[in-house]
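The following note sets out points for discussion on the structure shown below.

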Amino acid sequence: MPLPGLQKLEQRIGRQIRLLEARKNIIERKIERQIRLFENTRDGIGRKIEEQIRQFERKKGIRLDDEVRFIRSWMERPLSIGAVTPSGKILARAMARYVDPNSDGPVVELGPGTGPVTEALVEAGVSPSRLVLVEFNPTFCRILHSRYPDATLVQGDAYSLRRLLATLLLQPAAAVVSGLPLVTKPIRQRLRLIRDAFDLMVPGAPFVQFTYSVAAPLPKRLGGFSVEASERIWMNLPPARVWVYRRPG
Ligand SMILES: C[S@@+](CC[C@H](N)C(=O)[O-])C[C@H]1O[C@@H](n2cnc3c(N)ncnc32)[C@H](O)[C@@H]1O
């Protein structure tokens with residue numbers, strides 16, 4: 001192509017690029033506006049919920065600090081937290097019942113949050129020094145550390161269980177109790193987690209998981225493990241069921 005033709009082509013391409021960049025900037029500004037709008041609405045709803053909780057506290061003369069912290073964390077990362085409030089006592093006790101307090105070895109809790117299940121485990125006779133708590137939310141970790149100073153606290157991703165605990169556990173675990181929102185993860189990741197958990201436990205030890213969903217968090221046919229489930233626990237918000245998985249020796 002002769003030189004003037006090439007120059008014209010170059011100018012045309014330059015114009016198109018500038019046009020595209022201008023459009024891109026407009027779209028980016030629109031998206032930013034939408035995000036700010038969403039964040040303002042979300043913060044507004046969060047403040048309203050908090051204010052209502054505080055009013056309720058004043059009326060009843062009680063403190064609901066854990067609920068407030070939970071809601072704040074849920075607003076920031078709804079999928080990772082997986083619940084708007086901590087588990088109630090009845091659900092927490094139902095989970096703890098599957099752990100034998102007289103067994104040997106550590107009891108691992110995944111996603112303890114503000115610690116309602118931890119409390120039920122201790123109430124049921126599990127010594128806090130046997131507890132290994134794996135939680136990735138820093139606010140929850142601070143709460144857990146102040147409430148259970150004798151427990152081993154691991155701030156990290158429970159889905160990297162093998163890496164986190166392989167050198168930390170000095171003997172096989174007696175149970176793994178999980179409050180993770182497991183059903184938000186792909187099935188392969190869930191299966192990897194439970195297999196890693198079984199590798200860290202004594203044969204036949206329970207992997208205890210609660211879920212709000214109707215379906216089992218891990219389908220039996222996929223795993224090579226036994227499954228049992230509790231009745232649906234209606235006295236929890238939302239109602240939940242406890243599932244227990246074991247890999248025979
Ligand atoms: C549904 S809440 C349950 C909290 C508590 N066990 C209860 O029953 O109230 C899920 C918890 O798992 C934690 N979590 C979610 N994903 C996690 C991960 N990959 N590693 C560690 N903790 C996680 C969240 O921060 C939250 O504390």
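**Notes on the predicted model**

1. Arg162 and Asp199 form a salt bridge in which the closest N and O atoms are 2.9 Å apart. The pair links distant parts of the chain, since Arg162 belongs to helix α7 and Asp199 to helix α8, 37 residues apart. Asp199 counts as partly exposed because its relative accessibility is 43%. Salt bridges with shared partners bring Arg162, Asp196, Asp199 and Arg247 together in one network. It should be kept in mind throughout that this is a predicted model.

2. Which residue forms a salt bridge with Asp196? The partner is Arg162, and the closest N and O atoms are 2.9 Å apart. Asp196 lies in helix α8 (residues 187-200) and Arg162 in helix α7 (residues 161-165), so this pair ties together parts that are 34 residues apart in sequence. Is Asp196 buried or exposed? With a relative accessible area of 8%, Asp196 is buried, the cut-off for that class being under 20%. Arg162, by contrast, has a relative accessibility of 43% and counts as partly exposed.

3. Asp66 is paired with Arg69, and their closest N and O atoms are 3.4 Å apart. The two residues are three positions apart in helix α2, which means that about one helical turn separates them. Asp66 is buried, at a relative accessible area of 17%, whereas Arg69, at 28% relative accessibility, counts as partly exposed. With nitrogen and oxygen required to be within 4 Å, the count for the model comes to nine salt bridges.

4. The packing of α1 against α2 deserves a separate point. How are the axes of α1 and helix α2 (residues 65-76) placed? They come within 11 Å and cross at roughly 170 degrees. The two helices are therefore roughly antiparallel to each other, as angles over 145 degrees are assigned to that class. On the α1 side, the contact is made by Arg42, Ile45, Gly46, Ile49, Glu50, Ile53, Arg54 and Glu57. On the α2 side, Asp65, Val68, Ile71, Arg72, Met75 and Glu76 take part.

5. Helix α1 spans residues 3-60, and Ile17 is part of it. At 44% relative accessibility, Ile17 counts as partly exposed. The C-alpha atoms of Glu51 and Leu37 are separated by 21 Å, the two residues being 14 positions apart along the chain.

6. Which residues of helix α5 (residues 116-123) are buried? They are Pro116, Val117, Thr118, Ala120 and Leu121. Their cover includes the helices α4 (89-96) and α6 (138-147), as well as the strands β1 (107-110), β2 (131-135) and β4 (175-178). Gly125 follows α5 and has a positive phi, near 110 degrees.

7. Lys89 and Ala173 are 84 residues apart along the chain, and their C-alpha atoms are separated by 24 Å. Ile90 is likewise in α4, and its relative accessibility of 42% places it in the partly exposed class. Beyond its neighbours within four places in sequence, Ile90 is in contact with Ile233 and Met235.

8. The last point concerns backbone geometry. Which peptide bond is cis, with omega near -5 degrees? It is the bond from Leu237 to Pro238. Pro238 is located in the loop that runs between β6 (226-229) and β7 (241-246).

Key:
Residues are numbered from 1 along each chain as its sequence is written. This is a predicted model: local features need pLDDT of at least 70, side-chain atom pairs count only at pLDDT 80 or more; totals for chains, interfaces and linings use all residues. Side-chain values use heavy atoms; hydrogens and water are left out. Helices (H or I, at least four residues) and strands (E, at least two) are DSSP runs, numbered from the N terminus. Buried means under 20% relative accessible area, exposed over 50%, partly exposed in between (1.4 Å probe, protein chains only). Axes are lines fitted to C-alpha atoms, for helices over the stretch in contact, and angles run from 0 to 180 degrees between N-to-C directions. Angles under 35 degrees count as roughly parallel, over 145 as roughly antiparallel, 65 to 115 as roughly perpendicular and the rest as oblique. Contact means heavy atoms within 4.5 Å. A salt bridge is a side-chain nitrogen of Lys or Arg within 4 Å of a carboxyl oxygen of Asp or Glu.
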